[in-house]
Amino acid sequence: MLRKLIKYGQTGLSLADIEALTDISDTYIIPNDQSLAKPYGLVYYTTKDRDGAAEEAHTIMQAFESLNITALSNPWENFDQLRVTFSDKLEEIKDDCCFLIVTFMAHGFKGHLVGEDGSRGKINDLIDLVDLQISPAVPVVSKFYHETVTCLSCNT
């Protein structure tokens, strides 16, 4: 394994390689050559009563891409639909995801998201999907929500 690590600039590291290295190092490794494992940035957003939301999502995706993060976005309207779509995307990327950033954009209240149709769900339910579907070798910041956000451009 260490020989592969020394030469990984040519061959890359797979998620299995990263998982094996977690037993011998407390430092998290993001491969320089991302042909076998890559970072992902996922952006899920609602647009109802959120002027500029699609443009904001696009800006976040551009920021991810400027950092060589594979960026994917998806609008959502219903929380249950969001949960299914998010779970499906995690299933799709789980075998080559070495780093994950997820952005959920919506109205809501403490610890909850509200869909365009009024459906509600807990942010932690979505974080739990990450814990269940993505390798434990991929770092996760969990149980986090931001209760209020001040929008500088719209003074709300």
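Contact here means heavy atoms within 4.5 Å. The structure described is a predicted model.

In α6 (residues 123-133), the buried residues are Ile-123, Leu-126, Ile-127, Leu-129, Val-130 and Gln-133. Because these residues cover an arc of only 145 degrees around the axis, they lie on the same side of α6. An α-helix has 3.6 residues a turn, so residues three or four places apart point the same way. The elements against which the buried residues of α6 pack are listed below.

| Element packed against by α6 | Residues |
|---|---|
| α5 | 79-93 |
| β3 | 97-105 |
| β5 | 112-114 |
| β6 | 120-122 |

**The three-stranded sheet**

Three strands form an open sheet in the order β4-β5-β6, and their pairing is antiparallel. β4 (107-109) and β6 are at the edges with a single partner strand each, so one side of each has no neighbour in the sheet. On average, neighbouring strands of this sheet are turned by 30 degrees against each other, direction ignored. The antiparallel strands β4 and β5 are joined by three bridges, and His-107 stands opposite Val-114 in β5. Helix α6 packs on the sheet, where it touches β5 and β6, and its direction makes about 55 degrees with that of β6.

**Nonpolar cores**

The largest nonpolar core has 20 residues, of which Phe-86, Leu-90, Ile-93 and Leu-100 touch the most other members. Two or more residues of this core come from each of β1 (38-45), α5, β3 and α6. Beyond its neighbours within four places in sequence, Leu-90 is in contact with Leu-42, Leu-100, Leu-129, Val-130, Gln-133 and Ile-134. Another core, of eight residues, lies apart from the largest one and includes Val-43, Met-61, Ile-69 and Ala-71.

Methods:
Residues are numbered from 1 along each chain as its sequence is written. This is a predicted model: local features need pLDDT of at least 70, side-chain atom pairs count only at pLDDT 80 or more; totals for chains, interfaces and linings use all residues. Side-chain values use heavy atoms; hydrogens and water are left out. Buried means under 20% relative accessible area, exposed over 50%, partly exposed in between (1.4 Å probe, protein chains only). Helices (H or I, at least four residues) and strands (E, at least two) are DSSP runs, numbered from the N terminus. The arc is that of the directions from the helix axis to the C-beta atoms. Two strands pair if DSSP finds at least two bridges between them. Axes are lines fitted to C-alpha atoms, for helices over the stretch in contact, and angles run from 0 to 180 degrees between N-to-C directions. A nonpolar core is a set of buried Ala, Val, Leu, Ile, Met, Phe, Trp, Tyr and Cys residues joined through side-chain atoms within 4.5 Å.
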